Amino acid sequence: MLAKDGTRNTRFLWKCSGCKRQFTVRVGTVMEDSPIPLRHWCYAIWAACAGKKGVSALQVERQTGLSYKSALYLMHRIRYGMTPNREPPKLTGIVEADETYVGGKTANRPRAERLRLRALGHKRMPKQDNDKMPVVALVQRGGDV
């Protein structure tokens, strides 16, 4: 977007014609909130798509001059963006629900915790069902959990 005097905006901001708010080309993408320059993103996306087996973070590091940590971050985000949307379909018809609580016996707690409780005056381990993890499963009749 050009300013009134004909110079380019240094931050490359655009203005939405609908809501009149400013934004950049990175908004809503895997590149959002990343300090890595756009040219490195473009190279890494091209390399990930062009190669039959993709590209490693070490190769991106060598080609762009980024640190390995930055190249790995870049590739993780690109691979995440390339994964298909795996959102399961909504359940319809008759849906069955079941729940249970998963966790070990309180008597199997670590020795240090048992000694601490005894020092507080407990002769036995108090029953702590609230420490157990609740697990809920929903299934559509004739479908998968």
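1. Of the 145 residues in the chain, 17% count as buried, where buried means under 20% relative accessible area, exposed means over 50%, and partly exposed covers what lies in between (1.4 Å probe, protein chains only). The model is a predicted one, in which local features need pLDDT of at least 70 and side-chain atom pairs count only at pLDDT 80 or more, while totals for chains, interfaces and linings use all residues. Residues are numbered from 1 along each chain as its sequence is written, and side-chain values use heavy atoms, with hydrogens and water left out.

2. The chain has four helices and four strands, and from the N terminus on these elements run β-β-α-α-α-β-α-β. Helices (H or I, at least four residues) and strands (E, at least two) are DSSP runs, numbered from the N terminus. Among the contacts in the chain with a separation of 6 or more, 45% are accounted for by residues 24 or more positions apart, a contact being heavy atoms within 4.5 Å.

3. The chain exposes about 12,100 Å², of which carbon and sulfur atoms supply 55%; accessible areas come from the Shrake-Rupley method with a 1.4 Å probe, and for residues only the protein chains shown count as cover.

4. Helix α1, residues 38-50, has 13 residues and reaches 18 Å from its first C-alpha to its last, close to the 18 Å expected at 1.5 Å a residue; the expected span is 1.5 Å times one less than the number of residues. Within α1, the residues His40, Trp41, Ala44, Ala47 and Ala48 are buried. Seen down the axis of α1, its buried residues fall within an arc of 135 degrees, so they line one face of the helix, the arc being that of the directions from the helix axis to the C-beta atoms. These buried residues pack against α2 (57-64) and α3 (68-82), whereas the face of α1 turned away from its buried side carries the exposed residues Arg39, Trp46, Cys49 and Ala50.

5. A nonpolar surface patch of about 430 Å² is made by Trp14, Phe23, Val25, Val27 and Leu38. Patches are made of residues with over 30% relative accessible area and no salt bridge, like charges being joined within 9 Å and nonpolar side chains (Val, Leu, Ile, Met, Phe, Trp, Tyr) within 5 Å.

6. The structure holds one salt bridge, defined as a side-chain nitrogen of Lys or Arg within 4 Å of a carboxyl oxygen of Asp or Glu. In it the side chains of glutamate 96 and arginine 141 meet at 2.3 Å, N to O. Glutamate 96 lies in strand β3 (residues 95-102) and arginine 141 in the segment after β4 (133-140), so the pair ties together parts that are 45 residues apart in sequence. Glutamate 96 is partly exposed, with a relative accessible area of 35%, while arginine 141 is exposed at 51%.

7. Two backbone angles deserve a look. Lysine 20, found in the loop between β1 (14-15) and β2 (22-23), has a phi near 65 degrees, a positive value in a residue other than glycine, and counts as exposed at 53% relative accessibility. Aspartate 33, in the loop between β2 and α1, has a phi near 60 degrees, again a positive value in a residue other than glycine, and is exposed with a relative accessible area of 73%.
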